[in-house]
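Have the picture open while you read.

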Amino acid sequence: MIWPGRIAIVLAGAALLGGMMQTAPDYNSVVQPFRHHVAAGGTGEARSFRARFTGLRLADRIAFRHFSRDLVRDSDGVFLVAEIEAEARLASQRLDAVWQGASGRRYALSRRAEGIPRGLESRWFQPGLSNRAVAVFELPEDEVAGGALVLTGGFIAVFDSALYLAPPALPERQPIIRFEP
Amino acid sequence: MTETRRTSLLRRLRLRLAASVGVAAAVLVGLWLKVQDARAPQEPPAVTLGQAVDQGRTEITPLSLSLAPPERAGEPGRLLLRARLLNLTGESQFAVFGFPPHPPELASGGVVWPEPEVTLDRDGELLAQLHPRLAERVTLAWQLPPDWQPGPVSLTFHRQIFKLRDNLYGMSNWLLFQPAARMTIMPEGAP
Amino acid sequence: MRHLLWIILAAVLLLANVVVAGWTEITDLRRAREWRVVQAGAAGAGLRGVHVRVDQVWAGTAPDLSERALVLVRLALRGPEPARQGWTGCDVSLRDAADRVWLPLISADSAGAVRVLSPDGEDNGRCNPVPHDAPPDGQEFLSDQIFLVPAELLKGARLRVSAWGTRPEALEFPVKPVLRDLH
């Protein structure tokens with residue numbers, strides 16, 4: 001009577017393997033940045049930089065000057081202008097920002113605002129020197145409340161830290177914001 | 001002694017034979033399915049203006065196709081497709097027509113035209129990205145080939161396949177393109 | 001006994017596999033990191049056939065932003081052409097005692113800042129060991145890089161120079177900027 005024992009071993013192995021397959025996290029959830037949640041007004045400490053969410057403005061349109069052309073951008077949603085103050089901790093570096101909306105959707109920096117004065121995409125942050133920058137997003141208005149500004153050191157922040165900065169008090173929506181150099 | 005040896009040999013032979021037949025049958029069935037696919041090329045579903053087409057990352061709704069004068073003097077005339085684009089994913093997309101880009105393919109008399117220029121109607125500038133839940137009106141502009149005679153053209157839309165777990169790393173990935181819809185239409189403004 | 005032999009063989013093959021697969025990663029890492037740093041003095045030092053010397057270091061501060069300073073480092077390179085070819089992708093950085101790293105500014109107006117800060121009003125461009133107007137071998141040519149640093153770095157910092165072909169070896173120079181009055 002060797003069969004019941006063998007069948008039990010095979011069944012137990014199958015159950016174990018099935019359990020492992022079901023519970024093993026997939027690649028996308030394993031390969032992620034480390035999240036640090038920062039309350040409104042607080043300074044977040046990431047591995048390679050520290051940053052603070054200093055101001056938030058909402059506007060129907062934005063106006064700025066780029067390559068000696070006056071540009072006005074309008075939108076079906078709203079322009080969210082996030083002002084940040086950041087400082088590198090280890091080496092001169094750039095930062096990338098994403099707005100994670102209330103629904104969890106991720107809005108990248110608006111390319112239509114490329115070239116604004118103090119724009120985040122062209123800003124370098126030096127160790128020991130605090131620097132201000134502006135990040136502009138275009139998104140539906142109901143994604144603003146309950147959202148967070150996600151700051152990372154570079155476009156791919158896998159296994160690096162990502163700061164989730166809660167926004168300061170929500171402002172009134174302005175008809176237009178002009179960026180002066 | 002020889003009797004038992006012969007039976008065991010026969011048994012082993014039978015087992016191997018069964019396995020070989022099974023593998024051969026699987027290969028043949030797979031081959032036959034491929035042949036069937038090639039024999040009857042699948043025509044993508046036909047769509048008309050105003051009908052939305054799922055392209056994978058985005059959804060395109062063609063609104064009108066018309067002939068237009070050249071943008072600058074000395075250049076050939078243009079064929080303009082006005083459309084509405086909507087991001088179907090949960091993040092801003094830079095590759096609106098997939099990566100590598102597969103914008104709608106315009107063919108006339110079996111000849112495929114070079115890729116169009118995609119502009120955002122709002123700014124009149126090249127479309128750089130598309131945010132979730134913000135639909136945008138865009139214009140796709142093709143330059144008319146010099147020898148083109150006005151007539152019906154066909155537009156083929158492609159869909160890129162998304163896999164939540166690909167076979168290599170088990171990561172989410174955008175993979176192959178396949179034709180999602182075709183539209184045969186006479187451009188407006190043609191004589 | 002026979003099993004043990006197989007296990008050892010499998011372990012050896014596994015190790016060989018890891019080494020072969022990891023080799024490109026290791027060489028890439030060596031090309032990216034400065035592991036062997038040679039300290040050099042004011043007379044400069046040679047590395048892989050190219051002689052590097054810190055020609056001048058100037059600094060300037062704005063009166064309303066006294067906590068930050070601009071530092072201009074003028075490097076002088078000389079060496080035969082083949083050796084300089086190995087120096088392409090020359091990287092220059094400033095470091096403090098805590099090993100924080102400042103990289104040269106590459107914005108649109110950094111060239112203007114170089115011209116303001118250098119006494120002769122010249123900008124020789126960033127470090128490029130194979131310039132199109134290279135002087136004859138053995139003659140020095142200059143390059144300018146500008147850094148934005150905290151003012152406390154003016155008391156002294158270290159300048160590190162390396163290139164794609166020299167890493168993991170690098171040269172390090174002590175620098176003491178000459179503060180220029182810009183008014």
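Before anything else, the word "contact": two residues are in contact if their C-beta atoms, placed from the backbone, lie within 7 Å. With that in hand, in chain C, residues 24 or more positions apart account for 70% of the contacts with a separation of 6 or more.

1. Some housekeeping. This is a predicted model, where local features need pLDDT of at least 70, side-chain atom pairs count only at pLDDT 80 or more, and totals for chains, interfaces and linings use all residues. Residues are numbered from 1 along each chain as its sequence is written, while chains are lettered from A and ligands numbered from 1 in the order in which they are written.

2. The per-residue score is pLDDT, the predictor's confidence in each residue, from 0 to 100. Chain C averages 89, and 99% of its residues score at least 70.

3. Who touches whom? Two pairs of chains are in contact, and chains A and B share the most contacts. Chains B and C do not touch, with 17 Å between their nearest C-alpha atoms.

4. Now the A–B side. Here 17 residues of chain A meet 16 residues of chain B. On chain A, the elements that give two or more residues to this side are α2 (27-30), β4 (69-88), β6 (106-108) and β7 (131-139). Helices (H or I, at least four residues) and strands (E, at least two) are DSSP runs, numbered from the N terminus. The largest share, four residues, comes from β4(A). By class, this side of chain A has nine charged, five nonpolar and three polar residues. For the classes, Ala, Val, Leu, Ile, Met, Phe, Trp, Tyr, Cys and Pro count as nonpolar, Asp, Glu, Lys and Arg as charged, and the others, Gly among them, as polar.

5. On to the A–C side. Nine residues of chain C are in contact with eight residues of chain A. In chain C, β6 and β7 (141-150) are the elements that give two or more residues, and β7(C) has the largest share, three residues. What is the class make-up of the side of chain C that touches chain A? Seven residues are nonpolar, none polar and two charged.

6. The overall build of chain C. It has three helices and 10 strands. The radius of gyration (taken over C-alpha atoms) is 22 Å, well over the 16 Å that the globule rule gives for 183 residues, so chain C is more spread out than a compact globule. That rule is 2.2 Å times the number of residues to the power 0.38. Along the principal axes, the C-alpha atoms of chain C fill a box of roughly 85 × 40 × 30 Å. Buried residues make up 28% of the chain; buried is 20 or more other C-beta atoms within 10 Å of a residue's own, exposed is 12 or fewer, and partly exposed is in between, with C-beta atoms placed from the backbone.

7. A sheet to trace in chain C. Five strands form an open sheet in the order β1-β9-β8-β5-β6, with mixed pairing. Strands pair if DSSP finds at least two bridges between them. β1 (36-39) and β6 (101-102) are the edge strands, each pairing on one side only. Two bridges join β5 (residues 91-95) to β6(C), and these strands run antiparallel; C:L94 has C:W102 as its bridge partner.

8. C:R48 sits in the loop between β2 (45-47) and β3 (50-62), and C:D99 in the loop between β5 and β6. Are they buried or exposed? C:R48 is partly exposed, with 14 other C-beta atoms within 10 Å, whereas C:D99, with 10 such neighbours, counts as exposed.

9. Cis peptide bonds. One joins C:R167 and C:P168, with omega about 10°, and C:P168 is in the loop between β8 (157-162) and β9 (169-175) of chain C. Another joins B:F99 and B:P100, with omega about -5°.
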